[in-house]
Amino acid sequence: MKILIGGHKNDSISGQTINIINPATQQIIDTVPDSSAQDAELVLDHAIMGGKIWGETPLHKRSAILLSYAEKINSNNEELAELLCMETGKTINEARTEISTASNVFKSFVEGANHLYGITIPDSQPGGENDIIFTRREPLGAVVCIIPFNFPASTYAYKVAPALAVGNSVIIKPPSDNPLTLIRMTELLLECGVPGDAAQIITGSGAVVGNYLVSSPKIDAVSLTGSTSVGIQTLKAATANLKRVFLELGGNDAMIIFDDGDIDLAVTNAVMARTTNAGQICIATKRLIVQNTIKDRFTKLLVEKLIGLSIGDPLDEKSDMGCLINEKEANKVKNQVDLTVEQGAKCIYGGNIFNKTFFEPTVLTEVTPDMDIAKDMEVFGPVFPIIGFDTAEEAIEIHNSTSYGLSGGIISSDISKAMKTASRLECGSVVLNGTGRYRHPDIAFGGYKMSGLGREGVSATLEELTQVKTIIMKGILG
């Protein structure tokens with residue numbers, strides 16, 4: 001596949017390419033351009049023009065185009081899902097769901113943009129009684145959207161949809177491991193009528209292309225989902241030019257399971273949250289904080305549930321879990337499990353890599369709050385560390401003893417206790433009687449502490465991707 005610059009399919013200026021490998025089979029699927037700073041500069045120049053053209057397009061026309069695109073995604077669901085499955089390693093059923101989610105997210109943001117109102121300011125100041133003061137929201141300009149490997153299609157929608165809906169141009173930087181689905185989605189976007197200058201996609205390394213884009217004074221905002229370390233680098237680069245930056249970063253989310261809760265519900269939610277996409281989810285439940293009175297029973301039921309999972313070919317509809325994105329990430333998870341065992345934990349189930357990128361669901365017991373995995377070591381794989389607690393106060397302390405704060409979950413039949421606990425958790429969202437692995441297009445999604453800056457969702461993003469202009473009609477009523 002090729003990159004899209006100004007509506008045209010291009011190779012990189014250097015002619016260099018990147019092999020895209022199916023992580024489940026290790027076979028090359030396709031190649032994409034390995035772009036350079038020169039390619040990125042061309043994209044930036046087109047984005048400036050695109051922002052003017054698209055920003056001047058009436059909202060009702062933009063909305064009609066984007067709604068037709070949402071339907072185009074649905075009509076191409078199987079093609080996109082198969083591509084996503086092959087290049088990412090998630091199961092075909094998960095891929096289909098993600099593509100459907102992307103379509104729904106576009107629809108939600110279009111609806112939100114159609115109801116993004118300005119305000120009229122009352123004549124509360126003496127001397128202003130004959131003035132009319134009102135506001136309107138205008139696009140920022142060019143927005144760089146940096147997409148992660150784990151949920152590329154849905155994250156694409158959460159970034160591209162709001163930016164385009166309010167009239168910005170977008171520059172899409174897809175993940176290097178699996179950019180094919182996003183290139184195809186962008187081709188479909190242009191087919192629906194978005195100008196080629198307003199929506200571009202450029203492949204290449206983050207260190208070269210990504211850094212060049214976010215450091216440029218020609219952009220107006222950056223929206224990135226990725227690791228905390230990359231987020232910090234991006235923030236430094238973009239704010240040097242006083243550009244807006246929105247970051248959705250790492251997490252070490254926990255689920256607190258009280259002994260008065262539904263233990264079967266807890267097990268089901270834990271498995272769902274930690275095996276979907278082989279555990280490669282920023283808001284996956286990465287720590288299980290279980291009351292000691294039910295810890296052994298919970299552990300037994302968890303292992304029994306995991307034994308019944310089918311792990312294998314992502315394209316096989318019978319597979320419950322696929323593989324990790326590449327060998328490097330599989331080895332990283334293995335090293336993290338080994339480190340936790342060295343620190344005193346016991347691996348009672350799983351713990352091994354097979355077929356290079358597949359990782360067994362892994363249960364770690366006797367995990368203590370002082371271990372790395374219980375604090376700031378984010379494990380991007382199907383690993384279940386179980387940490388015991390006696391009191392609610394202790395559970396809250398364990399939960400908050402991390403530099404992250406993305407989401408959390410609480411299992412309890414006592415709604416008052418659950419609400420009191422939720423109010424003290426240092427994270428952006430809390431799900432009662434469920435896992436924190438929950439996202440709705442409307443909520444202001446994001447985290448506390450080192451988990452990011454800003455919020456993403458219909459209730460927040462449209463305002464963040466626009467700027468307010470105040471117009472004063474002085475003396476108009478006099």
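Modeller: The protein has an accessible surface of about 19000 Å², and 52% of that belongs to carbon and sulfur atoms. Areas come from the Shrake-Rupley method with a 1.4 Å probe, and for residues only the protein chains shown count as cover.

Colleague: What should I know about the source?

Modeller: This is a predicted model, in which local features need pLDDT of at least 70, side-chain atom pairs count only at pLDDT 80 or more, and totals for chains, interfaces and linings use all residues. Residues are numbered from 1 along each chain as its sequence is written, and side-chain values use heavy atoms, without hydrogens and water.

Colleague: What share of the residues is buried?

Modeller: Of the 478 residues, 55% are buried, meaning under 20% relative accessible area (1.4 Å probe, protein chains only).

Colleague: Which residues have the most contacts inside the largest nonpolar core?

Modeller: That core has 57 residues, and those with the most contacts inside it are Tyr69, Phe106, Tyr156, Val160, Met185, Leu189 and Val194. A nonpolar core is a set of buried Ala, Val, Leu, Ile, Met, Phe, Trp, Tyr and Cys residues joined through side-chain atoms within 4.5 Å.

Colleague: And what does Met185 touch?

Modeller: Leaving aside residues up to four places away in sequence, Met185 touches Tyr69, Ile73, Leu80, Ala102, Ala153 and Tyr156; contact means heavy atoms within 4.5 Å. A second, separate core of 30 residues includes Ala330, Ala345, Ala374 and Phe389.

How values were computed: Buried < 20%, exposed > 50% of the residue type's maximum accessible area, 1.4 Å probe, protein only.
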